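Let's take a walk through this model together. Have the viewer open and follow along as we go.

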Amino acid sequence: METGDLLRIIICCGGVMLLGITLSSLARRRMTEPFCLAWGIISVALILAGILLRPTMWNRYISITGMLLLLLLGFAVIYIAYFVSAKVSELMRKNQELAMQMSLLNQEKDELWRKLEELWEKSGRLPGQEENDQ
């Protein structure tokens, strides 16, 4: 087996693994849909690159050790980018949740103010006015 064939197999397996991880993250709601779509496209591109590209005479330009170092560097870059997108996705989800909670709190505050104004109208006093019990 030549290094070009080995490279194709590794790229295909990496693409399949990345697609599985992406679908798993989408199912567990760790990443938002736009990020999962982008990672899905990248993983399909890796799979297609592994199937369609034929690196002939690859071993003339780079040694097996060099290829392993490049693959390790490439997978490290993909892992870092995936980790960053997962964290950004998590922050986006938390931000959206906080915005919804803030909206509910504002609605509840407005309702409480409305009830308080009704009580002031019924008692005939203005806010800040104290009763003179003397």
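At 2% relative accessibility, is T22 buried or exposed? T22 counts as buried, where buried means under 20% relative accessible area, exposed means over 50%, and partly exposed is in between (1.4 Å probe, protein chains only). You'll find T22 in helix 1. Leaving out residues up to four places away in sequence, T22 touches C36, W39, G40 and Y82, with contact meaning heavy atoms within 4.5 Å.

Before going further, a word on what you are looking at. This is a predicted model, with local features needing pLDDT of at least 70 and side-chain atom pairs counted only at pLDDT 80 or more, while totals for chains, interfaces and linings use all residues. Residues are numbered from 1 along each chain as its sequence is written, and side-chain values use heavy atoms, with hydrogens and water left out.

Now zoom out. The chain has 4 helices and 0 strands, and reading along the sequence gives the pattern α-α-α-α. The chain's radius of gyration is 30 Å, well over the 14 Å that the globule rule gives for 134 residues, so the chain is more spread out than a compact globule. Here the radius is taken over C-alpha atoms, and the rule is 2.2 Å times the number of residues to the power 0.38. Helices, by the way, are DSSP runs of H or I with at least four residues, and strands are runs of E with at least two, numbered from the N terminus.

Of the 134 residues, 19% are buried. The chain exposes about 10600 Å², and carbon and sulfur atoms supply 66% of that; the areas come from the Shrake-Rupley method with a 1.4 Å probe, and for residues only the protein chains shown count as cover. As for charges, the mean positions of the 14 positive and 14 negative ones are 17 Å apart. In that count, Lys and Arg are positive and Asp and Glu negative, with His and the chain ends not counted, and each charge is placed at NZ of Lys, CZ of Arg, CG of Asp or CD of Glu.

Next up is helix 4, residues 64-123. Helix 4 has 60 residues and reaches 88 Å from its first C-alpha to its last, close to the 88 Å expected at 1.5 Å a residue; the expected span is 1.5 Å times one less than the number of residues. The buried residues of helix 4 are G66, M67, L71, Y82, S85, A86 and S89. Their cover includes helix 1 (3-27), helix 2 (33-52) and helix 3 (58-61). Just after helix 4, G124 takes a positive phi of about 80°.

Helix 1 has 25 residues and reaches 36 Å between its first and last C-alpha, close to the 36 Å expected at 1.5 Å a residue. Its buried residues are T3, G4, L7, C12, G14, G15, L18, T22 and S25, and what covers them includes helix 2, helix 3 and helix 4.

L19 lies in helix 1 and counts as partly exposed at 26% relative accessibility. Leaving aside neighbours within four places in sequence, L19 is in contact with G40, S43 and I47. L19 and I41 are 22 residues apart in sequence and 8.7 Å apart in space, C-alpha to C-alpha. I9, also found in helix 1, is partly exposed with a relative accessible area of 40%. I9 and G50 are 41 residues apart in sequence, with 6.5 Å between their C-alpha atoms.

Most residues other than glycine have a negative phi.

Finally, head to W58 in helix 3. W58 is partly exposed, with a relative accessible area of 27%. W58 and G4 are 54 residues apart in sequence and 5.7 Å apart in space, C-alpha to C-alpha. Not counting residues up to four places away in sequence, W58 touches T3, G4, L7 and M67.
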